[in-house]
Amino acid sequence: LELNNCIYGKYSFLYVSPERLQTDIFMARVTQMPVKLLAVDEAHCISQWGYDFRPEYLKIGELRKLIPHVPVIAVTATATPAVADDIQIQLKFNQPNVYTSSFARENLQYIVLPEENKEQRLLSIIQKTPGSGIVYVRSRYQTQKIAEFLTKNRISATYYHAGLNHEQRSQRQTDWTTGKTRVIAATNAFGMGIDKPDVRFVVHMEPTDTTENYFQEAGRAGRDLQKAFCILLYNAADGREALEKFEQQRTSAEDAHRMMALLHSYYKVADGSGDGITFDFDIQQFASYASLHVNKVYNTVKTLEQQGIITLSENVFIPSKIKFTVNNYTLYEFQVKYPVLADFVKIILRSYGGAFEQYVPINENELAKRMGIAAADVKKGLEKLHQNEILDYQQQKDVPQLTFNFPRGIELIDAKAIDKRASLLLDKLKAVIQYAEQSEKCRQRVLLQYFGEEKTENCGKCDVCIELRKKIVSANEIEYYRGIIQTTLANGPVQIVVLAKQAGIQHQAKLADAIRKLTESGELEIKEGWVYPVTSVK
């Protein structure tokens, strides 16, 4: 019905997932639509050089053959130059055509804080920084732990991760967005579609896997263009542990083959079958069955998905869907035999077109309004039709869905592509670690240059720039103290205590620092408590 409405001009905009673009009914209808523009959001997903490559995006380029004269725009907030080039290739651009604005956001202050006691430092940051914020962590357990810690310290906080049910996620997001909750501790499941303008701080308790992820998550701060802080709490062990964890979870071709065998066994998929079949995917239960760590399962499954062998839907909410399993004649016979359900079936047919060709999403509450009955009765009616094998009724899901894209027995695993992808992700992780551990270059410049902006200036406000500014002040001041020292030593060596007394107590700390630096540079030497010009030392 929605596709027909697009053909006849009722809708001006149609939002479609990449998966649905590939269906026969969509490809048949799109050629009849007055399409003026094909817009691809999150376009970095189309590139294998991107951090979030999704194979179904590759099919978008094929769609252009059906609407060859329609202009195309691809948009993304996190594309390196290599990704930008690949996007244009995959979308079959006739010529390079890239419009970019600077990745710099002048209101954001990037800070990396070396810290062992991260919880206490986090508490200090929140207590000193007014406004709402996000705390990103790697695990579901940590989200709850951080939220409880903050709550005990009288900070209004909650937690968010993909393991919560739909109602819980929706309510917690609403409470935080409206200001009822000040801080939300979350995994990277939180953020898509979030546009709260007055986020004053985003704190990462550990480094992310990629610079793209860090930039995107940190960038949720300060969208009202007011000052905001993007803080990474980091210690020496973080980088080492991240690299060790990467190697432990790195997917090999052997891992991929084994995972497919485990998935087929777990879901009891017979040889030659499984093409297009979808199952609930509880990763915890499957990991227990496979005797594997959850992260290992997740990474291997994502690798299989990137190769197009399976599809993993991680939507926080998947609506109910139906598909008629009989032809029109059989359906008519059923309505004659069961007149009490005839009107019920007619309303379904009027409400949802295309249900004979493919599964279509439905809304039981909307159907209930149209039929003038309770939503519970709509569900009972659909279950009745399901039991009579008139249609397949799949109720709404709140867990990930795993779909096999090929029958069991067809081996399509590309070992070289797996190795290449692993090397790419390792390089991306190393870039994040380098960002955190370096202390010589402006944080914003490091980020901007990662995304291809070479002509950049120091931001002047990140932790590195602040320290550099302090060193510049010290360099100017040292000339002053060099003069004092040289004057005092004009008549020969002087005891340190005498030199300090002559400088005055208010200068003693800086004088001591100047003596240390001049000693390191070889201009002075200290011997048995006396300060000598180097030329006077015997």
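Student: How many bridges join strand E4 to strand E6, and what makes them a pair?

Tutor: This is a predicted model, in which local features need pLDDT of at least 70, side-chain atom pairs count only at pLDDT 80 or more, and totals for chains, interfaces and linings use all residues. Residues are numbered from 1 along each chain as its sequence is written, and side-chain values use heavy atoms, with hydrogens and water left out. Strands E4 (residues 132-136) and E6 (residues 183-186) run parallel and are joined by 4 bridges; two strands pair if DSSP finds at least two bridges between them, so E4 and E6 are a pair. Gly133 stands opposite Val183 in E6.

Student: Why are E3 and E5 called edge strands?

Tutor: The open sheet has 6 strands in the order E3-E8-E7-E4-E6-E5, with parallel pairing. Strand E3 (108-114) and strand E5 (157-160) each pair on one side only.

Student: Why is Thr403 called buried?

Tutor: Buried means under 20% relative accessible area (1.4 Å probe, protein chains only). Thr403 has 16% relative accessibility, and therefore counts as buried. Thr403 lies in strand E14 (residues 401-404).

Student: What makes the pairing of the Thr403 and Thr278 side chains a polar contact?

Tutor: A polar contact is a pair of N or O atoms within 3.5 Å; within protein, one must be able to donate a hydrogen and the other to accept it, and residues adjacent in sequence count only if both atoms are side-chain atoms. The two side chains make such a contact at 2.7 Å.

Key: Helices (H or I, at least four residues) and strands (E, at least two) are DSSP runs, numbered from the N terminus. Buried means under 20% relative accessible area, exposed over 50%, partly exposed in between (1.4 Å probe, protein chains only).
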